[in-house]
Amino acid sequence: MTEPLLQARDLVQEFTVRGQGGVRGGVLQAVSGVGLDVWPGETLSVVGETGSGKSTLARSIMQAPPPKSGEVIYQGVTLGGLRGAALRDARRSMQMIFQDPYTSLDPLWPVARIVAEPLRAAGVRSRAGRRRQVGQLLEQVGLDLSVHGRRRARELSGGQCQRVAIARALAAGPALIIADEAVSSLDVLVQAQVLNLLEGLRTELGLSYLFIAHDLALVKQVSDRVAVMYLGRLCEVGPADQVYARPLHPYTVELLDAVPRIEQRDQPARETAAAERDRAEAPSPVSPPSGCRFRTRCPRAQAKCAAETPLLAPPAEAATASAAATAHAVACHFPLTAKPAAEPTARPSAGPAKTAGLAKTTSTSQ
Amino acid sequence: MTAAAAPTAGGRASTPAAAGGASTPAAAGGASTPAAAGGATAPAVLEVRELSVRYRPRGRVVHAVDGLSYSVPAGRTVAIIGESGSGKTASSRAIMGLLPRSAEVSGSAVLNGTELIGLRDRELRRHRGRDVAMIFQDPARSLNPTMRIGPQIAEAIRAHRRRGGPAVSRSDARDRAVELLRLVRLSAPAQRYREYPHQLSGGMRQRVMIAMALSCSPKLLIADEATTALDVTTQAQIMRLLTGLQGQLGMAILMISHDLGLAASFADDVVVMYAGRVVERGPARALFGRPAADGCGTDTAIGGSLPQPSPSGASAGAGAGAGAGAGAGAGAGAGGGGVRMPYTSALLGAVPRLDRAAHTPLPVIGGRPPDLSAPPPGCAFAARCPRADERCAAERPELAEDSTEDAAGHAYACWHPLTASAPTTGEAS
């Protein structure tokens, strides 16, 4: 554990967008200076909304396509300068699983061939050897070569397809798996099965995961650390238990608030407080807001937020705190205070801004 | 409306299966729900009885929906919950007359006193939009990409008025469309009027769809996985918008979803479907054990926003999570919930939750739903159920109301229901 498995430094990814039918053209900065580490055996989840750049970040790490600037160091090798076979060798042990299991598998190939292909690429020459390994891999993901081996993607359920995708990823003998919304489109029972499978494989094979998701609740189960992303920048990074229990960035609070909860109905007070935010449109990534990019939606925004870009750093009061607290960093001029909550799993009531809003609504209702 | 209610009362006496749904509005409505506070007993906007949908592909018979009964009271939200293939979407499309011709639909669906099943398409069209409107999962595909959004809404307004009531002039329709865009809280509605669907985000498109659905003030809005394709934050916004509009306009909402968590937080009544049949149904508060004291709106407003309810949910969840087996009890026990059918309990246990500890296995059940062309003779869930025995495999349990409980309207179809006192820790495996 002396060195991270994956280090990303100041990644920037841009796309040129053509102005078309009223949509503004220009340079879209999908990822603007994002840095993160994934340690061996660790699961890091990157969470954000559509358009936050989380998938682009994953692809930049994979060098598909390579980022405009910044550096990716995987297992001690800088991927930026590598081309062709050297790049393929370097990133073989970094595999991806995608959201839509049907479109990410070749519709014409039987399952056995899909899973055997990475083995062939890795140089497993004998047909019998490949078949044996395919059998083992399918067994690892809960499928049976004799039953499922000859089927095609359309003959499988969504969950089975995703298991095939996982088996294909495992075939290359990965150290890191990047799962881009890998369970988001599955039914809840199947989702739980696949999450358990991924979790089991992590302990069994010592894998590391980079999980990309839009739902904080979905990755709660699997995350060691969580990075929250908004409009191409990281808002908050920290140990999962701290981010969930004591979120520092207003955007993280918004994401946590959005999770439907079984034990409580959406209360009128919460509705009105949140209704204010509903009006704020997500800004265009072509012309992001100056300073903090979240400020147009932020209930705590002030003049400073428009003028200065907040840097990702541990909050001021954490400087004197333990080393564990300094691992929790936030990019916000006015972060929520990281005061310890009474209950370890209870979330604080979202700080001063939220409480002020609450006081207002309760007083009007009385 | 009285005509619709009378046969229901008769139906209740003859079929015990229908009893749960029919008594729901009377028992749990009125006092407890702010939306229904106006009337003492809300009359049902939609009354569905013994609805069945069958397909006959290549000589086989597929029972997509089998004897579905429920009612949607005015001003309330009913959620139909189920996995892919459980028949939830087929049942709602049968009501709207949107299924292909090959589908055999039987049973009854009475909307505002009119029987919809068996109506010709031309007659049905008179009700669609005006009495009942539907929003779908993919707003991008529901909108015309070559037409500005405003005129699409205006067109809907004019088309529906032409079939009844006075004609609407173009400029009036335009004004109404802008007003609707404002109602669904789209910023700068007059400018948005002239934009194309591709210029809008997914959430904004869904708002446009809602505006269009509301254009003729329907009594019932069917939302078929309307927020599934959206981000969690956008989903929360759209759900808040819908509940807000419901209060404003007094419409009923039939929510079709696979997400039990969403249903638990936004629906008044929940119907859980499995393999084409209802396996459990009841008021959300009875199923998910809301805090006992949420008698009135203000009470929940204050109590809910303070950290008070979170610890109760969190400690229950954490306690179950810390136990070795974790189990479906993590879900069922979360709020002292009253879920009785093991399938609902399994669904509940698998809902992603913020209060679960990291790296603890989620309670799962193996297997898949049965082949609907050859449904098992007994309980459809028996093959996957940890509590199943010979009787479950041989004999089908009917949906019956729980007489021991004080939660009226809570019905389930199970031979070996979970008991409220005994937690379901044995579920995991």
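Reply: Strand β10 of chain B, residues 277-283, has seven of its seven residues buried, so the rest of the structure largely encloses this strand. Keep in mind that you're looking at a predicted model.

Who sits beside β10(B)? One partner is strand β9 of chain B (residues 269-274), which pairs with β10(B) in the antiparallel sense over six bridges. To find one of these pairs on your screen, go to B:M273, whose bridge partner in β10(B) is B:V278. The two strands make a hairpin with two residues between them, and there B:A275 takes a positive phi near 50°. Strand β12 of chain B, residues 411-412, is also joined to β10(B), by two bridges, and this pair runs antiparallel too. Here you can look for B:E280, whose bridge partner in β12(B) is B:Y412.

Now hop over to chain A, which has 14 helices and 11 strands. Of its 366 residues, 49% are buried. If you take the contacts between residues at least 6 apart in sequence, 67% of them join residues at least 24 apart.

Chain A has an open sheet of seven strands, in the order β6-β7-β8-β3-β9-β10-β11, with mixed pairing. At its edges stand β6 (94-97) and β11 (329-330), each with a single partner strand, so one side of each has no neighbour in the sheet. Helix α6 of chain A packs on this sheet, touching β6 and β7 (176-180), and its direction makes about 170° with that of β6(A). A:V47 has A:V228 in β9(A) as its bridge partner.

There's another open sheet in chain A, with four strands in the order β2-β1-β4-β5 and antiparallel pairing. Its edges are β2 and β5 (77-78), and each has a single partner strand, so one side of each is left without a neighbour in the sheet. Two bridges join β4 (residues 69-74) to β5(A), and A:Y74 stands opposite A:V77. Helix α1 of chain A, residues 54-61, lies across β1, β2 and β4 and runs at about 115° to β1(A).

Zoom in on A:A30, which lies in strand β2 of chain A. Why does A:A30 count as buried? Because A:A30 has 23 C-beta neighbours inside 10 Å, and the cut-off is 20 or more. Beyond its neighbours within four places in sequence, the contacts of A:A30 include A:E14, A:T56 and A:P285. A:E14 is 16 residues away in sequence, yet the two C-alpha atoms are 5.7 Å apart.

Last stop: helix α4 of chain A, residues 127-140. After α4(A) comes A:G142, with a positive phi near 85°.

Conventions:
Residues numbered from 1 in each chain as written. Chains lettered and ligands numbered in written order. Predicted model: local features only at pLDDT ≥ 70, side-chain atom pairs only at ≥ 80, totals over all residues. Buried ≥ 20, exposed ≤ 12 C-beta atoms within 10 Å, placed from the backbone. Contact = placed C-beta atoms within 7 Å. Pairing = 2+ DSSP bridges. Axes fitted to C-alpha atoms, helices over the stretch in contact; angles between N-to-C directions.
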